[in-house]
Each structure stands twice: as structure tokens, then as C-alpha cells.
Amino acid sequence: MSTENSATAATGIAVVESAAPARGAAPTPLTPKATRGGTVLAALGVTAFSLTFPATAWGLEGFGPWSLVTVRSVLAAVIAGSCLLALRVPVPERRHRAGLAVVGAGVVLGFPLLTTLALETATTAHSAVVVGLLPLTTALFSALRTGARPSRGFWIAACAGAAAVIAFTVQQSGGTLTTADVYLFGALLICAAGYTEGGRLARVMPGWQVIAWALVMCLPLAVPGAVVALSHEPVHLTGHAVAGLLWVAVGSQFAGLVVWYRGMAVIGIPKASQLQLAQPLLTLVWSVFLLGEDLSPAAPLTAAAVLVCIAVTQRSRG
């Protein structure tokens, strides 16, 4: 990591720490400025995530699926653990460890592995179906887990946005179901659980620590997994493969989740999750520039419909 990026990361961590509520303190009502700030943070996370599928496709040019997933987890955990050590962050309380395990299982290992396996046979457009469903699924998990009760207008807009994204991405993939769909729907469920639990924990501890500790907790599985995978899967180091690995490890697995969890903690899990309605469309745009895929003329219409739905969900009162 360059000096400039290190300084930026350190500044971001400091901001997150200062923004975290003191233990036992009463919740502070959100100001318009705080709401805008939380929305920007969540949007940055969505932008980082939108590059995950194209970066994974690049990574698969030189790594096997198991190698790519385990090595990315190890690299991200090393960065996260270094930040925790440098700032002398205490070990999480016992009551938070079960939640961190859910984050690790869903976000650190489960979602990356299942989507990587899917991308071996499915295109990025087809795989974007899972991302189109993720906001609605996350909101549902949030309602069940945290007792959140968004308004009826929120749910109508969320379902409409999800329907628009699903219709667009399914049309792009020809509407056929493949073996990859099993992986994608499994990834959808476990990632929504991880997002929900991470967003809940980010209300009582800094968001960057949530993903950092989840990554570190997964090291006992990731390290031996990487050793075994690298010994069985051939590796061909190319520019695309290395760039893809670095992005999914640093951008998607750590930095993106840092700002994402903080954004969810500020504006709430249901509203933050609806920003992800734009993620499949961003992924398709990246796919045109990075992978050379063709973009359907329906994309601008879908983008407009999704933006309207996002505007409605952001204005709805929970």
C-alpha cells in the first residue's frame, strides 16, 4: 500500500472511531449532514463492490476458484490485523463474537466462494442477479433480526427496484437457470445475513473493526485452505490475475466493507441496502470497459427506474 493510501486509510479509521457512539450513551438524532455523510459512505462501499465480479473474472484468469478466495481472505486479514495491532484495538467482547462469526461466514468466506464458483460458468451479467436481490433480502433479514419496520412505501419501492434489476439481468442472461444459480442464491442468503449482523454490530463498535475482526477470525481456515488450494490448482500470474486478486482482497474484502458498514450504522440497514440496487448496473458498466461485454440498450431505462426507487426508499421513514 502506498504512503498516500496508508494515510487515507488511517484518516478514515480515525473518523470512524470518532463517529462511533460511546458505550452506554443515548442515541443521537441524525442531522441532515450526518445522513448525507452516511449515504456517501454506503455509496462508496457499493462502488467498491460493483467491481468485485469483473475483478474476480480477472483473478480467475490466473487462479483457481479456491485459491482466489482463500488467498484474498489471507491478504485482507493481514491488512486488517496490521491495522488492529497498530491501533492497539482490544479483543472484542465475548457477546460480540457470535455476530462476528456470522459476518465472517457470510461476507468473508461464503459469499466470495459461492460467487467465484458461479463465475466459472456464468457471466458477470448473470451473476448480477444475486446483487439485484441482495438489497431486498438484506432488508428482510434486518426486519427479522433487528426489529426494523420500514414503511409500506419503502417496501413497495424496494420491491419495484428489485424487480427492475432482476428483469434486466435475467433478460441479459437469456432467462435460463444454470448450475451457477445454486451458488448465487446460496450466496444471496448468507451475504444478507452477514450484512445484517455487520450493520447491527457497527452500531456498537466501529464498522472497520467489524470486518477487521471477522477477517482475522477466518485466518485459521483461510491459511490452511490457501496452502491446500495453491498446491492443487495451477497458478498463472498475469497482470489481470494479480490486479483482480489485489482488488478483491483490498478493495472488496476490506476497504469497501469498512465504509459500507459505517454507512449502514449511520443511515440504517434497510435504507443503506437499497443503495445496492445500483450495483448490478455499475457492474455491467465495468464489465463493458474491463471485460469487453456488450451492454443492452435497456440499461439506461433500467438505470432510471432504479434511481427513482432509490430516491423513494431514501426518503421513506423507517
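User: Which hand does the crossing of H8 and H11 have, right or left?

Analyst: H8 passes H11 in a right-handed crossing. Keep in mind that this is a predicted model.

User: At what angle do the axes of helix H8 and helix H11 cross?

Analyst: They cross at roughly 65 degrees. The two axes come within 8 Å. H8 covers residues 180-201, and H11 covers residues 239-267.

User: So are H8 and H11 roughly parallel or roughly perpendicular?

Analyst: Roughly perpendicular to each other. Angles of 65 to 115 degrees get that label.

User: Which residues in H8 and H11 meet?

Analyst: From H8, Gly 194, Tyr 195, Gly 198 and Gly 199. They meet Leu 257, Trp 260, Tyr 261 and Met 264 in H11. That contact divides into 5 nonpolar residues, 3 polar ones and no charged ones.

User: Another pair, then. How do H6 and H13 run, roughly parallel or roughly antiparallel?

Analyst: H6 and H13 are roughly antiparallel, because they pack at an angle of about 160 degrees. The label applies to angles over 145 degrees. Their axes are 9 Å apart. H6 is residues 124-146, and H13 is residues 279-291.

User: And is the crossing of H6 and H13 right-handed or left-handed?

Analyst: Right-handed, as H6 passes H13.

User: Which residues in H6 and H13 meet?

Analyst: On the H6 side, Thr 124, Ala 125, Ala 128, Val 131 and Gly 132. On the H13 side, Gln 279, Pro 280, Leu 284, Ser 287 and Leu 291. In this contact, 6 residues are nonpolar, 4 are polar and none is charged.

User: Let's zoom out. How many helices and strands does the protein chain have?

Analyst: It has 14 helices and 0 strands.

User: What share of the residues in the protein chain is buried?

Analyst: Buried residues make up 51% of the 318 in the chain. The accessible surface comes to about 14,400 Å². Carbon and sulfur atoms account for 69% of that surface.

User: What about contacts between residues at least 6 apart in sequence? How many of those join residues at least 24 apart?

Analyst: 93% of them do.

User: Can you show me one such case? Where does Ala 48 lie?

Analyst: Ala 48 lies in helix H2, residues 32-50. Its C-alpha atom is separated by 9.1 Å from that of Val 248, which is 200 residues apart from Ala 48 along the chain. Setting aside neighbours within four places in sequence, Ala 48 is in contact with Trp 247, Gly 251, Ser 252 and Gly 256.

User: Why does Ala 48 count as buried?

Analyst: Because its relative accessibility is 9%. Buried means under 20%.

User: And Thr 313, buried or exposed?

Analyst: Thr 313 is buried, with a relative accessible area of 0%. It lies in helix H14, residues 299-315.

User: Which residues does Thr 313 touch?

Analyst: Phe 154, Ala 157, Ala 158, Lys 271 and Gln 274, not counting residues up to four places away in sequence. The C-alpha atoms of Thr 313 and Ser 151 are separated by 9.3 Å. Those two are 162 residues apart along the chain.

User: Last one. How many residues of helix H9 are buried?

Analyst: 9 of the 11, so H9 is largely enclosed by the rest of the structure. H9 spans residues 207-217. Among the buried ones are Trp 208, Ile 211, Trp 213 and Leu 215.

Notes: Residues are numbered from 1 along each chain as its sequence is written. This is a predicted model: local features need pLDDT of at least 70, side-chain atom pairs count only at pLDDT 80 or more; totals for chains, interfaces and linings use all residues. Side-chain values use heavy atoms; hydrogens and water are left out. Axes are lines fitted to C-alpha atoms, for helices over the stretch in contact, and angles run from 0 to 180 degrees between N-to-C directions. Helices (H or I, at least four residues) and strands (E, at least two) are DSSP runs, numbered from the N terminus. Angles under 35 degrees count as roughly parallel, over 145 as roughly antiparallel, 65 to 115 as roughly perpendicular and the rest as oblique. A crossing is left-handed if the near helix is turned anticlockwise from the far one by less than a right angle, and right-handed if clockwise. Contact means heavy atoms within 4.5 Å. Ala, Val, Leu, Ile, Met, Phe, Trp, Tyr, Cys and Pro count as nonpolar, Asp, Glu, Lys and Arg as charged, and the others, Gly among them, as polar. Buried means under 20% relative accessible area, exposed over 50%, partly exposed in between (1.4 Å probe, protein chains only). Accessible areas come from the Shrake-Rupley method with a 1.4 Å probe; for residues, only the protein chains shown count as cover.
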